[in-house]
Amino acid sequence: LLDVNPGPSPVNVTIAFPQYAEQWSQELQLVFESERLNWVAGALYMDTDEGETRLVDILPFLPGALNSATDNTIKTYALFGDLNYNLTGELRLNVGLRYNRDDVQNTFVGSGPFDGQSFDLDSTQTEPTGRIGLDYTTSTGTMYYVSVAKGFKSGFNDVGFDLQGNPEPAEVEPEQLMAYEIGMKSSLPGDIGIFNVAAFYYDYQDMQVSVGGIPLLADGTPDPNGIPFYTTLNAGEAEILGLEATLSVVASDHMKFEANAGFLDTEFKEYESIDDFGAPADYSGNELPRAPEFSGNAAVTFDNLAIGGGTAAVRLEYQYRDEVFDNANNLYELQSTGFVNVLLTWDIGEWQVSASGRNLTEEE
């Protein structure tokens, strides 16, 4: 019950988006291994069927404001090969190639006043992708690596709006990604743990971004004059620059320490879209949604503790996430969070008793 209208009675908003999905796949591989050369070649077939119904009632004014059914079928065919070749005892070349074809059928039937046009559309998408990289392993076991990879995410047809907010089928183009990474993986002296670090750069073209929802007023309540909608559009260009580090140390027979940290710098380089009201909007220069600048966690585990004829373990964990924007318009910010979690286990004979708690400090 939401009191968003000037009349004496509240507005009852009911939203239901039940979904279904079914997938079948088969993959065949031919694998070869020798002292200097390893490779795999194969073929893949996958059949995916998924969809949902969308029902939004705004009572008493707009029963069935949204009342629709969506069905999406994707048949995927792929040929792929991957090769690892030891150029020397320390230096290895890694190469992979893949050819992918997606036959996509999207069906939408809507009868609500804000559902947009019904459609039944087919598309075929083909894309070659691949990777190339080098890794160098020192005599102490530390590995340094660099890689470049190309990936893509299939496009599809969806319920959408044009830049004037008029309903029409939205053709979502395939999402393209070029990923560059350099890093190091190492074991600590005495094999007491590991330390890994990596830097990466992601260059997206036609990034697929969800837009819409129930339009909100400045205080966060639904706008009674707004028209609810939800669709996916292509952002022109987006970039992600990231750093990651992982440390794991076995300090003693009864204590282990783990930590990892990440940094992200994200930006829509080019993104002309529509806002929650269907009006034209330019989000170029904005940050990507749900992408914290800093995040990480640290944990200490005390295990193999002899208690009551059994062995017990205690794991204490702290998880941190920096503030993030809720969506691409960068208007609403989700505040930073720090969660304290604990896991207790006790093994005795054939039995194990465990208890866990998440967010013990009740962070909101």
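Modeller: I begin with the basis of the model, go on to the nonpolar packing, and end with the charged pairs and one glycine.

This is a predicted model, in which local features need pLDDT of at least 70 and side-chain atom pairs count only at pLDDT 80 or more, while totals for chains, interfaces and linings use all residues. Residues are numbered from 1 along each chain as its sequence is written, and side-chain values use heavy atoms, with hydrogens and water left out. The chain has a mean pLDDT (the predictor's confidence in each residue, from 0 to 100) of 89, and 92% of its residues reach 70 or more. Among the strands (DSSP runs labelled E, of at least two residues, numbered from the N terminus), E2 (residues 19–33) has the highest confidence, at a mean of 97, whereas E8 (residues 156–161) has the lowest in the chain, at 72.

A nonpolar core is a set of buried Ala, Val, Leu, Ile, Met, Phe, Trp, Tyr and Cys residues joined through side-chain atoms within 4.5 Å; buried means under 20% relative accessible area, exposed over 50%, and partly exposed in between, with a 1.4 Å probe and protein chains only. The largest such core has 19 residues, of which Met 207, Phe 268, Tyr 271 and Leu 288 touch the most other members. Strands E11 (193–213) and E12 (229–252) each supply at least two residues of this core, and E11, with five residues, gives the most. Met 207, leaving aside neighbours within four places in sequence, is in contact (heavy atoms within 4.5 Å) with Phe 268 and Leu 288, and also with Glu 175, Leu 233, Asn 234, Ala 235 and Ala 238. Apart from this core lies another, of five residues, including Val 11, Val 56, Ile 58 and Leu 66.

Val 146, in strand E7 (residues 143–153), counts as partly exposed because its relative accessibility is 40%.

Charged pairs complete the picture. With a salt bridge taken as a side-chain nitrogen of Lys or Arg within 4 Å of a carboxyl oxygen of Asp or Glu, the count comes to 10. One of them joins Lys 75 to Asp 47, with the closest N and O atoms 2.9 Å apart; Lys 75 lies in strand E4 (residues 62–86) and Asp 47 in strand E3 (residues 37–59), so this pair ties together parts that are 28 residues apart in sequence. Lys 75 is partly exposed at 29% relative accessibility, as is Asp 47 at 22%. Arg 54 and Glu 52 meet in a salt bridge at 2.5 Å, N to O, and here Arg 54 is buried at 10%, with Glu 52 buried at 10% as well.

Strand E4 also holds Gly 81, which touches Val 40, Ala 41, Val 95, Gly 96 and Leu 97, not counting residues up to four places away in sequence.

Methods. Helix = DSSP H or I, 4+ residues; strand = E, 2+ residues; numbered from the N terminus.
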